[in-house]
Amino acid sequence: MPRAFLPYGRQSIDDSDIEAVAQVLRSDWLTTGPAVDAFEADFAACTGAAHAIACSNGTTALHLALAGLDVGPGDVCIVPAITFMATANAALYCGADVVFADVDATTGLMTPDTLRQAIARVSGARLRAVLPVHLAGQCEDMAAMREIASAAGAKLVEDACHALGTRQAGRPVGACDHSDAACFSFHPVKTIAAGEGGMVTTGDAALAARLRRLRSHGIERDPARMEQGQDDPWWHEMQELGWNYRLCDVQAALARSQLRRLDRFAAKRKALAAAYDALLAGHPLVKALVRTPDCDPCLHLYPVRIDFAAADTDRATIMRALQARGIGSQVHYIPVPSQPWYRRRYGDQTPPGAAGYYQQTLSLPLFTDMAADDPARVVAALDAVLGG
Ligand SMILES: *Cc1c(COP(=O)(O)O)cnc(C)c1O
């Protein structure tokens, strides 16, 4: 019997998830309520964060974090050139501009060196925030990044959308030991799914209170925080301009149920990645993902680097040939500065490391419900289509 199409990523849903969602649907509360509170508490415990603020998706998590840190017009944020565009867009939503940092051509990550180079290119504006992206689930040395950002007077906001379950320097990503905030996504291809959902973690209580306000129109309901001091039963205050970026209880119940299985999901992803690593060791054309030191990643993606020229082919041909064999693949990512909107705004600012990474990268299937022998099947298909 032919096997089902293998996508590059997908969610893993079981009966406990369905029951958790059904329970909320049978309850009185559908919007932001007890399930969101419970999910936030579990997420904070699991990441070691002091505060966790749920929101509607990873993009709004990034926007909230930057807005909460007062990023605004006249400011600059540094974003690596290889990321999902939402990282850069969040700065633009705040009225700020982006300076794109280069990445290491073998990991796709901004490094302490490429961050320093980007800081040197910020001129005539205030550098307000640096946003390291934990591409594929790997991290650079966050203590080093923090030191460089702080010396430049900038906040550090981690785009951790790929990195739930990753540990760096022995600590979970999201603990915010060396950052002002970390942002997560629960889009179905990410490590846990909420349908759509996001989270900001932070160690700063005042920032956490502000993020809770900003995610719900800027409205304050805590009597202790009122500006006008009224204690009428209906009284609430819009103290700043916020948005409706709330997560609802239906989504939170699903995400919380998924979070309970994070250890299992991470173990499975690690086993699959180890299988790929072993299959690709010494491969003449396909290089396994290069790992960063002191990081124990729960990989969200399994990007490999392929020397398409040496194989006398190109990426589109290989992707189509894999597709025909029932195997999905994807490119993470087209350099953000080369996107038409950013090119019109800044000119094409794609730096050389990002261009080199982009040229060779291809993400192979990696998700929790893959079969143990799927990596071997994928690598065999890749060998066949590369003519190896
Ligand atoms: C998925 C993702 C986002 C955005 O998350 P959404 O939940 O889809 O809005 C931001 N940054 C990175 C690196 C992502 O992978």
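## Surroundings of the ligand

In this predicted model, the ligand is surrounded by 14 residues. The closest of these are Gly58, Thr59, His162, Ser185 and Lys190. Sorted by class, the shell around the ligand consists of seven polar, five nonpolar and two charged residues.

Two helices, α3 (residues 58-68) and α4 (residues 86-93), each contribute at least two residues to this shell. The largest share comes from α3, which provides three residues. The space that the ligand takes up is the second largest pocket.

Another is lysine 190, where an N or O atom of the side chain is 3.0 Å from an oxygen atom of the ligand. Aspartate 159, in turn, has a polar side-chain atom that lies 2.8 Å from a nitrogen atom of the ligand.

How much of the accessible area of the ligand does the protein cover? On its own, the ligand has 380 Å² of accessible area, and the protein covers 93% of it.

## A sheet of three strands

The model also contains an open sheet made of three strands, arranged in the order β12-β14-β15 with antiparallel pairing. Strands β12 (residues 286-287) and β15 (residues 361-364) form the edges, and each of them pairs on one side only.

Strand β14 covers residues 302-306 and is joined to β15 by four bridges. These two strands run antiparallel. Across this pair, proline 303 stands opposite serine 363, a residue of β15.

Most peptide bonds are trans, and most residues other than glycine have a negative phi.

Where does the model contain a cis peptide bond? Such a bond joins histidine 332 and tyrosine 333, with omega at about 5°. Tyrosine 333 belongs to the loop between helices α10 (residues 315-324) and α11 (residues 340-346).

The other place is cysteine 176, a residue other than glycine whose phi is positive, with a value near 60°. Cysteine 176 is located in the loop between strands β7 (residues 171-172) and β8 (residues 181-185).

Terms used. Residues numbered from 1 in each chain as written. Predicted model: local features only at pLDDT ≥ 70, side-chain atom pairs only at ≥ 80, totals over all residues. Heavy atoms only, no water. Near = heavy atom within 4 Å. Polar contact = N/O pair within 3.5 Å; in protein donor to acceptor, adjacent residues only side chain to side chain. Areas by Shrake-Rupley, 256 points an atom, 1.4 Å probe, with all protein chains shown as cover. 1 Å grid on protein atoms, 1.4 Å probe; cavity = no way out; pocket = protein on both sides within 12 Å on 5 of 7 lines; lining within 4 Å. Sits in = over half its atoms within 2 Å of the grid points. Nonpolar A, V, L, I, M, F, W, Y, C, P; charged D, E, K, R; others polar. Pairing = 2+ DSSP bridges.
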